[in-house]
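I opened the model to look up its salt bridges and its metal site. My entries follow.

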Amino acid sequence: MSTAAPPTILLVEDDPALRTALTATLKAAGYRPVPAVDAAEASRWFRHYRPDVILLDLGLPDQDGLTVIAEVRAAGTTPIVVLSARNAEAMKVEALDLGADDYVTKPFGIDELLARLRAALRHGVQSRGSPPVVTTGALRIDMGRRQVFLNGHAVSLSPKEYSVLSTLALNLGRPVSHPDLLKSVWGSEKADLQYLRVFVGQLRRKLEADPERPVLIITQAGVGYRLADLLG
Ligand code: CA
């Protein structure tokens, strides 16, 4: 299987200089930063990228950062570290009450920020008991309930079809090799590749607008298949 992807950090900060500097710092520290300039973009990227942790400035141009905390908490347990201005004690308390996990006060040192991030990530991994929900384009795969939705409508899949799709979904955007898929679905990489092609064909007929020109389940010639990482 491919190696684990770097943790995704949704960085919500409207100050361009700080956002740029933090993006570079997070990248250099081995994370995958996704910058957002306001609450609307934060909400969009949160739903699309399912970040491992959120770094959140509370003073945003369109809406209060507190509304972002409320939305994220309504969806689950993604850790939130608040970037708070000095003298914003009341807001900090409100942020923690709403479910933020931690805060750093501006101006902060990079070492302190990275330490808080590591702690938040550890906390996130421990509390993430429930399996993920993967969203790409019009497709949503709820691993906990083993249910698949296309444009909000439940799609009926056979256990093997679901197994192929969920294996691809757990590697969203990355190719999964034929041997890895066979092993994951049939328990042996010696299983017949032809079966895999049949199940992928069935999945495409159920999920793709045009099964002859798939945009979700992509063939990686000579490698395997990839579930495309598309905006919703
Ligand atoms: Ca701000």
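I looked up the contact between Lys106 and Glu13: their side chains form a salt bridge at 3.0 Å, N to O. I count a salt bridge when a side-chain nitrogen of Lys or Arg is within 4 Å of a carboxyl oxygen of Asp or Glu. Lys106 is in the loop between strand S5 (102-105) and helix H5 (110-127), and Glu13 in the loop between strand S1 (8-12) and helix H1 (16-28), so the pair joins parts 93 residues apart in sequence. Helices (H or I, at least four residues) and strands (E, at least two) are DSSP runs, numbered from the N terminus.

This is a predicted model, in which local features need pLDDT of at least 70, side-chain atom pairs count only at pLDDT 80 or more, and totals for chains, interfaces and linings use all residues. Residues are numbered from 1 along each chain as its sequence is written, and side-chain values use heavy atoms, with hydrogens and water left out.

I then checked Asp57, which forms a salt bridge with Lys106, the closest N and O atoms being 3.1 Å apart. Glu13 is buried at 1% relative accessible area, and Asp57 is buried at 5% (buried is under 20%, exposed over 50%, partly exposed in between; 1.4 Å probe, protein chains only).

Last, I looked up the calcium ion: its protein donors are Asp14 (OD), Asp57 (OD) and Gly59 (O), 2.2 to 2.4 Å from it. Donors are N, O and S atoms within 2.8 Å of the metal (3.2 Å for Na, K and Ca); water is not among the atoms, so sites may look incomplete. Gly59 is partly exposed at 44% relative accessibility.
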